[in-house]
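Me: I would like to learn how to read a protein model step by step, starting with one loop and then moving on to helices and sheets. Could you take me through it?

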Amino acid sequence: GISNRSPKMVFYEMSLILRAASKDATATALRRISLGLMNQGGLLAQIENVGERELPYRMRSHTEYHTRGLYFLFYFHGPPSIVKQLNSDVLKMDGDVIRATILKQSNPYQID
């Protein structure tokens, strides 16, 4: 029969490098990525701003080369299918994203 149970939620950490941009452009990009995450069934727990840094090597993204980037950590819960959906539908299509890595976490971040 058909089950009403939702898929098991998994806790993830996503490290994200955005192109160095103005505060307004960065806020818009973070909002867009957060909405994309939530549209794929994710529950955002926290975004941590790690700061602007020189990239370890020149990175190519969307036909541009970058030497500096804005580093962020996203902590979120989501169904196992979210990783593939985020990578293909949200992150790869976003011109502000230089690199994104999503890792499954064993200790969930506690939402107060």
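Reply: Let us begin with H62, keeping in mind that this is a predicted model; H62 sits in the loop that joins β2 (43-61) to β3 (64-78).

Me: How do I decide whether H62 is exposed or only partly exposed?

Reply: One looks at the relative accessibility, where a residue is called exposed when the value is over 50% and buried when it is under 20%. H62 has 35% relative accessibility, so it counts as partly exposed, whereas T63 has 66% and therefore counts as exposed.

Me: Which residues of α1 are buried, and where do they lie around the helix axis?

Reply: Helix α1 covers residues 23-39, and its 17 residues reach 24 Å from the first C-alpha to the last, close to the 24 Å expected at 1.5 Å a residue. The buried residues in α1 are T26, A29, L30, I33, S34, G36 and L37. Seen down the axis of α1, these buried residues fall within an arc of 160°, so they line one face of the helix. On the other side of α1, by contrast, D24, R31 and N39 are exposed.

Me: What do the buried residues of α1 pack against?

Reply: They pack against β1 (10-19), β2, β3, α2 (82-91) and β4 (97-104).

Me: How should I read the sheet, and in what order do its strands come?

Reply: The general idea is that strands of a sheet pair through backbone hydrogen bonds, in either a parallel or an antiparallel way. Here the open sheet has 4 strands in the order β2-β3-β1-β4, and the pairing is antiparallel. Its edge strands are β2 and β4, each of which pairs on one side only. One of the pairings, that of β1 with β4, runs over 7 bridges in the antiparallel sense, and L18 stands opposite V97 in β4.

Me: Where is D96, and what does its side chain contact?

Reply: D96 lies in the loop between α2 and β4, and its side chain makes a polar contact, at 2.7 Å, with the side chain of R32. Leaving aside residues up to four places away in sequence, D96 touches I17, L18, R19, A29 and R32.

Methods:
Residues are numbered from 1 along each chain as its sequence is written. This is a predicted model: local features need pLDDT of at least 70, side-chain atom pairs count only at pLDDT 80 or more; totals for chains, interfaces and linings use all residues. Side-chain values use heavy atoms; hydrogens and water are left out. Helices (H or I, at least four residues) and strands (E, at least two) are DSSP runs, numbered from the N terminus. Buried means under 20% relative accessible area, exposed over 50%, partly exposed in between (1.4 Å probe, protein chains only). The expected span of a helix is 1.5 Å times one less than its number of residues. The arc is that of the directions from the helix axis to the C-beta atoms. Contact means heavy atoms within 4.5 Å. A polar contact is a pair of N or O atoms within 3.5 Å; within protein, one must be able to donate a hydrogen and the other to accept it, and residues adjacent in sequence count only if both atoms are side-chain atoms. Two strands pair if DSSP finds at least two bridges between them.
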